[in-house]
Amino acid sequence: MIHVIVLGSAAGGGLPQWNCNCANCRAAWAEHPALRASQASVAVSADGDNWFLINAAPDLRQQIIDNPRLHPKHGLRHSPIAGVVLTNGDVDAVAGLLHLRETWPFTIYGHDRILSVLRENSIFNVLDPAFVKRQPVELETAFELKLPDGEATGIEVVAFPVPGKVPLYLEDMSAADHGFGTEVGDTLGLHIRNRRNGAHFFYLAACADMTPALKERVAGAPLVFFDGTLWRDDEMIEAGLGTKTGKRMGHISMSGDAGSIAAFRDLGVDRKVFLHINNSNPAHIPGSPERATLERAGWTVPADGTEFVL
Ligand code: MLT
Ligand code: MN
Ligand code: ZN
């Protein structure tokens, strides 16, 4: 089996975002607290006891509190968290690592592009190297997630490059015509598989485009998590929330001929789940026409805490 718990489904900022009064956030602040969603991350386990996070969101402390499976189980100091696999270096993917300081052994798996962010920002040294290993991930090369004592978990990961963008804080404005300095390795897709029974899924929550190669790779998969940042590319501009399109931010939209819903239409993916949904996205709201459209196309927007068992 593979268990996947959605710790958070929202994009950077979460829903509500600390300084936002857009229609969705206003509803989540006050009359509809059930709308609240924390920043995107999932926890994965083969045995239900040892868990690996995909990305460490700034909301991680609250996500641990909200999910009893991640509470300390025994002894004075313990955590079921055995590792973190990073798919990109955005604030909403790495800032939560700072919650995992203190002496508990685990492994951070990431491409060297992202591990270099940790190396170059000395605040991450609070993750004492005597306890916290940093393991570079090679592209297209299967590796097995290990418990801190080296024990095998049976969970195999293949990381592969997907369209995306260098983190905002590393954008090279002199390279605006060349992806702002984006390089291979800045954004990873993950194929995660339990070697023991073949259960598997894809994590593509920072993927900015569906290329033909990517379509071929995920066709027929039992479960795919995919980037659901915006409903429409110009949604933040239209709402007066910002000046950038989704494309400029490194994201694909849900709707439209070039959107993710259309791209997955004939791929035969069994469960299609949006993650990293921006607070401006009307599909956050159950019952909205946009939500109804994506649900008709076989997609779901998971509430925080939703568990998938494969
Ligand atoms: C994004 O997904 O575009 C980033 O998280 C934006 C940011 O870093 O604020
Ligand atoms: Mn983000
Ligand atoms: Zn908002």
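Me: Is Glu-102 buried or exposed?
Reply: Keep in mind that we're looking at a predicted model. Glu-102 sits in the loop between α3 and β5. The cut-off for exposed is over 50% relative accessible area. Glu-102 has 54%, so it counts as exposed.

Me: And what is phi of Glu-102, roughly?
Reply: Most residues other than glycine have a negative phi. Glu-102 isn't a glycine, yet its phi is positive, at about 90 degrees.

Me: Where is Glu-140, the other residue with a positive phi near 60 degrees?
Reply: Glu-140 isn't a glycine either, and its phi is near 60 degrees. With 45% relative accessibility, Glu-140 counts as partly exposed. Its place is the loop between β6 (132-136) and β7 (143-146).

Me: Which peptide bond is cis around Pro-16?
Reply: Pro-16 belongs to the loop between β1 (3-8) and α1 (23-29). Most peptide bonds are trans. Here omega is near 0 degrees, and the cis bond runs from Leu-15 to Pro-16.

Me: On to the metals. Which residues are the protein donors of the manganese ion (ligand 2)?
Reply: One donor atom is an OD and the other an NE2, and they lie 2.2 Å from the ion. Both residues are buried: Asp-92 has a relative accessible area of 11%, and His-276 has 11% as well. So the protein donors are Asp-92 and His-276.

Me: How many residues apart in sequence are the parts that this pair ties together?
Reply: The manganese ion (ligand 2) has Asp-92 and His-276 as its protein donors. Asp-92 is in helix α3 (residues 91-94), while His-276 is in the loop between β12 (271-275) and α9 (289-296). The pair therefore ties together parts that are 184 residues apart.

Me: What arrangement do the four donor atoms around the zinc ion (ligand 3) make?
Reply: The protein donors are SG atoms of Cys-20, Cys-22 and Cys-25 plus OD1 of Asn-279, lying 2.2 to 2.8 Å from the ion. To count as tetrahedral, all angles must lie between 85 and 135 degrees. The angles here are 102 to 114 degrees, so the arrangement is tetrahedral.

Me: How are those zinc donor residues spaced in sequence?
Reply: The donors are Cys-20, Cys-22, Cys-25 and Asn-279. Among them, Cys-22 is buried at 12% relative accessible area, and Cys-25 is buried at 0%. The spacing reads C-x1-C-x2-C-x253-N.

Me: What share of its accessible area does the protein cover on ligand 1?
Reply: Ligand 1 is surrounded by Asp-90, Asp-92, Met-249, His-251 and His-276. Its oxygen atoms come within 3.1 Å of a side-chain N or O atom of Asp-92, 2.8 Å of one in His-251 and 3.1 Å of a polar side-chain atom of His-276. Of the 270 Å² that ligand 1 has on its own, the protein covers 72%.

Methods:
Residues numbered from 1 in each chain as written. Chains lettered and ligands numbered in written order. Predicted model: local features only at pLDDT ≥ 70, side-chain atom pairs only at ≥ 80, totals over all residues. Heavy atoms only, no water. Donors = N, O, S within 2.8 Å, 3.2 Å for Na, K, Ca; no water. Helix = DSSP H or I, 4+ residues; strand = E, 2+ residues; numbered from the N terminus. Buried < 20%, exposed > 50% of the residue type's maximum accessible area, 1.4 Å probe, protein only. Tetrahedral: all angles 85-135°; square planar, octahedral: opposite > 155°, others 65-115°. Near = heavy atom within 4 Å. Polar contact = N/O pair within 3.5 Å; in protein donor to acceptor, adjacent residues only side chain to side chain. Areas by Shrake-Rupley, 256 points an atom, 1.4 Å probe, with all protein chains shown as cover.
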